[in-house]
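Colleague: I have not seen this structure before. Could you show me how to read it, feature by feature?

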Number of protein chains: 2
Amino acid sequence: MTGLVLTDEVVAPERDVVLEERRMRTDSDPSDQLNEAVQAALFSHHPYGTPIIGWSHEIESLGRADALAYYGRFYTPENAILVVAGDVEPDAVVDLAAKVYGAIPARGEAPQRFRRREPEPRAHRLVTLADEKVEQPAHQSVYLVPSYRTAKPGEAEALEVLAHLLGGGQTSFFFKSLVVDRRVAVSTGAHYAGTAVDDTRFYVYGMPAPGVSLATLDGEFERVIAEVAEKGISEEDLARAKTRLVADAIYAQDNQATLGRWYGSSLATGLGLADVLNWPARIEAVTTDDVVKAIRWLDKRRSVTGFLLPAA
Amino acid sequence: MTGLVLTDEVVAPERDVVLEERRMRTDSDPSDQLNEAVQAALFSHHPYGTPIIGWSHEIESLGRADALAYYGRFYTPENAILVVAGDVEPDAVVDLAAKVYGAIPARGEAPQRFRRREPEPRAHRLVTLADEKVEQPAHQSVYLVPSYRTAKPGEAEALEVLAHLLGGGQTSFFFKSLVVDRRVAVSTGAHYAGTAVDDTRFYVYGMPAPGVSLATLDGEFERVIAEVAEKGISEEDLARAKTRLVADAIYAQDNQATLGRWYGSSLATGLGLADVLNWPARIEAVTTDDVVKAIRWLDKRRSVTGFLLPAA
């Protein structure tokens, strides 16, 4: 956290490694290219629209001074979270942390970032990418929704339950309706990316059955969402979803890396320890009414749809 | 340019005037809402995606200190262009300008702005806005193309000629094919917004004939563009377009405000006086080959299409 030495001899090759990683992962993968374009369309103003690895033309311009400026600004005691997960004694960890990190002088306040806020979305956006490397067409819709940090009490938990009900496994509404009953999709899913500082993403996605167009599949997703909004959900479905979500979270903690990441990402996005500890209780408190209210966020005008297609 | 006095009593009501202007013009007009969403999708990274008036939630946060900071940074002698058009004697204007503005002390260098560059577009984007206030459906496609400042020599002039050939008046390719021959549109147009510091916009737009879908009209625009790219253009069409463009520019100078704006906007976007003075000669130099090369910029992957629809 102090005294980093960076020379041009180290920085220039590392920058090239990042550029190469980007070329390998994104620039040669139509699916990743589409994901980037979808995120950029969803967050046209807020920085979440910029890929974490960065745009190539901007990575190319970065050098030693940029790396050191970033390091100097963000690698400070006030901005650091130490997470230790494993077979340790808490007191011993605290003692050791105080000894190792306590010696580093405080700087004052944690660095503040100014993040542009996304204006209220009003128009649906469809991003289409066709490429000869695509073998299987794919559909995604991403909705701008509140995160655990920006949501009203209970709202983020309801979105979490909603994602599981719509797209979690083979008992989900999407799977039963689109894969089993109507056979218009070979796979479906939904995901709530609740861990974010600002408003975030709710994903609905799937792959069409052979001969089914992405536009048809898109209409089918919309139909299921409208049905849930209109008819509501049963207490039985709700109870099953909650049990599964809480159980998954508890099982996931068997993996110490996952456990550490959960605390780390929660604290780093502005939540507290209590938010992590009482998460199961908050999920248990979600009602059928909360879920129906949460589905109002899945308004087409708040969304970007991505179509991945083989080249014509 | 010096000594501006701003008090909260002046700034707060003016900010409300701007907010009200935005509410009247944009927030209550579906067509303007769509335009904003289209621009935001085209420029997901570059600041041209932000409307000039600003987003409401950001205007609301602005106060006296912001206005003064902007004034202090940008209202400087190094950043000012004085344009005088009319029945004046050049020497007298220069003397007067030296007397009035020459007294203001220089600050050093003109203020620099860091502008994020847009990454290469790869995926077509369709923005759809349906609203009950819409009476006539409308179509637009906006392509990311070089500006007079960023283009290679001759390229911007070729885009200017291309816009006229495609969409300028009743002899244009779009009008003849879509309005007269096929009757799929009631109006068509094209426009090259060449005056910009960074890469800019080429517009293709129209309104469908009754009963014709926007998707059909979109396909018709694409067909005409593909035909021009494949078959090229005749020397006769080219000559007519050039004559008309140059004549329009000369007639426009009869209006002194237009004349002043042409010089002002050219100088403010990084061009020089020579660029304005020899513009007619550069337009005259455009060849049929240049136009066919320029049409390659109208690649669907570089574009955002906007559909304005009545609410279903």
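Colleague: How many bridges join S1(B) to S5(B), and do these strands run parallel or antiparallel?

Modeller: Some conventions come before the answer. This is a predicted model, in which local features need pLDDT of at least 70 and side-chain atom pairs count only at pLDDT 80 or more, while totals for chains, interfaces and linings use all residues. Residues are numbered from 1 along each chain as its sequence is written, and chains are lettered from A and ligands numbered from 1 in the order in which they are written. Helices (H or I, at least four residues) and strands (E, at least two) are DSSP runs, numbered from the N terminus. Two strands pair if DSSP finds at least two bridges between them. Here S1(B) and S5(B) run parallel, joined by seven bridges. As an example, B:Arg125 has B:Val304 of S5(B) as its bridge partner.

Colleague: Why is strand S5 of chain B said to be largely enclosed?

Modeller: Burial is a count of neighbours. A residue is buried if 20 or more other C-beta atoms, placed from the backbone, lie within 10 Å of its own, exposed if 12 or fewer, and partly exposed in between. Strand S5 covers residues 303-310 of chain B, and six of its eight residues are buried, so the rest of the structure largely encloses it. For a whole chain, the corresponding figure is that 29% of the 312 residues in chain A are buried. Chain A has 13 helices and five strands, and its C-alpha atoms fill a box of roughly 65 × 50 × 35 Å along the principal axes.

Colleague: How many residues of chain B are in contact with chain A?

Modeller: Two residues are in contact if their C-beta atoms, placed from the backbone, lie within 7 Å. By that rule 21 residues of chain B touch 21 residues of chain A. Helix H2 (30-42) and strand S1 (124-131) of chain B are the elements that give two or more residues to this side of chain B. S1(B) gives the most, with six residues. By type, the side of chain B that touches chain A has ten nonpolar, eight polar and three charged residues. For that division, Ala, Val, Leu, Ile, Met, Phe, Trp, Tyr, Cys and Pro count as nonpolar, Asp, Glu, Lys and Arg as charged, and the others, Gly among them, as polar.

Colleague: How do strand S1 of chain A and S1(B) run, and how many bridges join them?

Modeller: They run antiparallel, and five bridges join them. In this pairing A:Thr128 stands opposite B:His124.

Colleague: What rotation superposes chain B on chain A?

Modeller: A rotation of 180 degrees, with 0.0 Å of shift along its axis, superposes chain B on chain A with an RMSD of 0.0 Å. The two copies are therefore related as by a two-fold rotation axis. Of the interface residues of chain B, 100% are also interface residues in chain A, so the copies meet through the same surface.

Colleague: How many residues of H6(B) are buried?

Modeller: 13 of the 13 residues of H6(B) are buried, so this helix is largely enclosed by the rest of the structure. H6(B) reaches 18 Å from its first C-alpha to its last, close to the expected 18 Å; the expected span is 1.5 Å times one less than the number of residues. B:Val161 lies in this helix, at residues 155-167, and counts as buried because it has 26 C-beta neighbours inside 10 Å. Beyond its neighbours within four places in sequence, B:Val161 has contacts including B:Leu238, B:Ile283 and B:Val291. After H6(B) comes B:Gly169, with a positive phi near 75 degrees.

Colleague: Is A:Arg183 buried or exposed?

Modeller: A:Arg183 is exposed, with 10 other C-beta atoms within 10 Å. A:Arg183 sits in the loop between helix H7 (173-181) and strand S3 (185-192) of chain A. Its phi is positive, about 55 degrees, although A:Arg183 is not a glycine.

Conventions:
Copies are superposed by least squares on the C-alpha atoms of residues with pLDDT of at least 70 in both.
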